[in-house]
Amino acid sequence: MSRINSGMSRRSFIGWIATAVPATRVLHAALPSSVELDHQTLVALATALLPTELGRAGLERTAREFASWVRGYRPDAELLHSYGDPVIRRAGESPAARWSLQLAELRRDHFAQRPLAERRAIAREQLANDKLDRMPSIASARHVAAGLLAFFYDSPAATDLCYRARIARNACRPLGTSARKPLPLADDA
Amino acid sequence: MKPRVIESDICIIGSGISAAMAAERLAAHGKQSIVVVEAGDEAPPLGQRYPLRQRYLDYGESPWPRDHLEDQTATGPLQSRSMQVGGLAMHWGGVTPRFSPEDFHVKSLYGVGDDWPISYEELDPFYQEAEERLGVAGEQGPPALDPRGKPFPMPALPLTYNLDLLKGWSDKAGIPFWSQPSAKNSVAYHGRSACCRSDTCFPICPVGAKYSPDVTWNALLAAGRIRLIARTLARRLVPAESGDRIEYAIANTPDRPNEPVHFRAKTFVLAGGYVWSAHLLLLSRSARYPSGIANRSELVGAYLAGHRNVGAFVKLPMKLYPGMNEQHSLVTKRFMRPGPLDKYVRHDLRIWESANGRGARLRDDAGTLMLGDEILDDWRARTATGTARIRAYYDVLPARTSALTLDPTRTNRWGDPLPTITFRDSDDSISLRAHTESEIKRVFADLARAGDGQLVGVRVDNFQDHPSGGCRMGADPESSVVDRTGRAHDHENLFIIGSPTHVTGGCANATLTFCALALMSAAEIQRAV
């Protein structure tokens, strides 16, 4: 899934980058994380957080893709600067360790075995504790619940689900097809 | 240490888009040896751009790693740190409108700013040549608003479903809009593929459908027509002991820091953009040239120009599907060609699809935290209608003190003072600013009204986009740095090309004009040699 959100001009994207990623330079090597997230708990969390329309397969897929995103995160990677912003920023510390600990804690509390309403209440409490008033950028999310939410809602798949249409943001397509109204999603066709 | 000497007929300093245009023309029409000197590194080849783009999309990482020098920057509103083979145009948006005829004669027509020493009509063939070399896909606008000598080399990029709907809206306002010309292939062109609308033109086109200067450099290198020397920073221009000709350029490379490189050439072409061109000239001061090279007028670095933008969003009662191609736009030149005016105001106007304010959110209007289906339901309700982004660039007439200067307190690894850049409006521009912005907002409001829309988020950015100037052209050596062809008044074998030579910043994206001017300079270099 591509993470760069639509609706951003070139300069507003640069601004987003500036606020989304801590400027602190991490001194350890810029290697992808080897920390694995607990898949079962992650899926249980996705069930509590994400739309039911995704279905079991969609929730599983989102959890896998989120874990893959976390594995691929490179601390200290140079971020886009280019036009309009001469400041060179670098990716902050990986959230992998923090989120892995949080998932382990949820597992100890038998989160995945709890009824959906309870899981939602726990997730809601975590988000409320973070005092989030808007969707965070993924890596800056303090709690894994916020990271997962941000990950999904920033994705082209979420946009397509919202519009019930195959907009396929950031996908290559034959030039002429973009003149047509996006096709409805298969389930709606 | 004894310097390494590299000789050529023509030495081009800088490898951005203006350099590429000039080199391609010089290589095609002459037999002179050409050396291109670039301070930065090679850009990643086309084959690596898909994975680099994916890292950018997934993590916001720079798709152009190693594209800057850690100790080579400026204080002030620098447009970009990018220094690499291909320059800033490796990550430009590929938007290529021409200026309008009025841009070159604002003093004569409206009594403000300064005239250029060239006309639109004189530049037209070079605009055309630039469009053909870059590969510009464009739609001919109404001829009275969009004059051109020949058709675009490629058919226009088709309007997306969203832009087509938005054009219906703008038609209701009685303003003629058309597809923005872009250096993006609407069909396969010069060995490059057609655009696939992946919508990351900025910062990286994964398929090479958008022109970037590496295309030109690769072709010239493959043909053996140039020698391109990267990672080599030109630090001084040195004139001959007698006469005013430039004899050589001194450069250094971090790979061999103690071994200077002397580039000797019959003709020097300075293509370092609006910052590094003036910077090199000012650094090149000596007892004979205490103000630097090409600076008898004391105007090197002065009159930095650009355009300011007024932007807004319009909420419209129409269903749009943002995300199809947010980087392509509609454009009109109606307000660039206003005819006689009581009070000067000129600007372009563009329309894009937008998802602004219509993303998923965590809290509803009452501030209640949402989860699961609540977020999706809320999002769907807020995307039942659409949003357009609109923006107008207006030209800021530069003050002489809108300038690049050397800051002796900040130096690079070689001890060279680094530049400070300051943009300042001329007195004309200061007195016109409120009127200009008020008129643009009125146009925005009219446009919104025509579609039963709601104008929101109106804002004026303080930066100046597409910066230019610093070595302005003119007929009078007392009031300009170069002549109409980019030749330095003070040095017959030194040409400064592209953006630095602008007199004013115009009111549209300026890269195509940089290219046309560079080609005009190349034509003069050919004539001279």
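**Exercise 1. Which residues of α4(B) are buried, and against which helices do they pack?**

*Step 1.* Start with burial: a residue is buried if 20 or more other C-beta atoms lie within 10 Å of its own, exposed if 12 or fewer, and partly exposed in between, with C-beta atoms placed from the backbone. In α4(B), the buried residues are Leu123(B), Phe126(B), Tyr127(B), Gln128(B), Glu129(B), Ala130(B), Glu131(B), Arg133(B) and Leu134(B).

*Step 2.* Keep in mind that this is a predicted model, in which local features need pLDDT of at least 70, side-chain atom pairs count only at pLDDT 80 or more, and totals for chains, interfaces and linings use all residues. Residues are numbered from 1 along each chain as its sequence is written, while chains are lettered from A and ligands numbered from 1 in the order in which they are written.

*Step 3.* Helices (H or I, at least four residues) and strands (E, at least two) are DSSP runs, numbered from the N terminus. The buried residues of α4(B) pack against α1 (17-29) and α10 of chain B. Packing here rests on contacts, where two residues are in contact if their C-beta atoms, placed from the backbone, lie within 7 Å.

**Exercise 2. Describe how α4(B) and α10(B) cross, and what their contact is made of.**

*Step 1.* Two packed helices are described by the angle between their axes and the distance between the axes. Axes are lines fitted to C-alpha atoms, for helices over the stretch in contact, and angles run from 0 to 180 degrees between N-to-C directions.

*Step 2.* The axes of α4 (residues 120-134) and α10 (residues 511-528) of chain B come within 8 Å and cross at roughly 110°. That makes α4(B) roughly perpendicular to α10(B). The cut-offs are under 35 degrees for roughly parallel, over 145 for roughly antiparallel, 65 to 115 for roughly perpendicular, and oblique for the rest.

*Step 3.* From α4(B), the contact uses Leu123(B), Phe126(B), Tyr127(B), Glu129(B), Ala130(B) and Leu134(B). From α10(B), Leu512(B), Cys515(B), Ala516(B), Leu519(B) and Met520(B) take part.

*Step 4.* Sort them by class: Ala, Val, Leu, Ile, Met, Phe, Trp, Tyr, Cys and Pro count as nonpolar, Asp, Glu, Lys and Arg as charged, and the others, Gly among them, as polar. The contact of α4(B) with α10(B) has ten nonpolar, no polar and one charged residues.

**Exercise 3. Where does Leu418(B) lie, and which residues does it touch?**

*Step 1.* Leu418(B) is found in strand β13 (residues 417-422) of chain B. It counts as partly exposed because 19 other C-beta atoms are within 10 Å.

*Step 2.* Leaving aside neighbours within four places in sequence, Leu418(B) is in contact with Thr73(B), Ala74(B), Asp407(B), Arg410(B), Thr411(B) and Asn412(B).

**Exercise 4. Find the backbone details at Pro203(B), Arg66(B) and Arg164(A).**

*Step 1.* Phe202(B) and Pro203(B) are joined by a cis peptide bond, with omega about 5°. Pro203(B) lies in the loop between β3 (178-179) and α6 (213-222) of chain B.

*Step 2.* Arg66(B) is not a glycine, yet has a positive phi of about 60°. Its place is the loop between α2 (49-59) and α3 (106-110) of chain B.

*Step 3.* Arg164(A), also not a glycine, has a positive phi of about 50°. Arg164(A) sits in the segment after α7 of chain A, and is partly exposed because it has 14 C-beta neighbours inside 10 Å.

**Exercise 5. How do chains A and B meet, and what is the confidence in chain A?**

*Step 1.* Chain A has seven helices and zero strands. In chain A, 58 residues are in contact with 57 residues of chain B. The elements of chain A that give two or more residues to this side are α1 (10-20), α3 (55-72), α5 (116-129) and α7 (156-163). By class, that side has 32 nonpolar, 14 polar and twelve charged residues.

*Step 2.* Check pLDDT, the predictor's confidence in each residue, from 0 to 100. The mean for chain A is 85, and 80% of its residues reach 70 or more. Within chain A, confidence is lowest in α1(A), at a mean of 48, and highest in α7(A), at 98.
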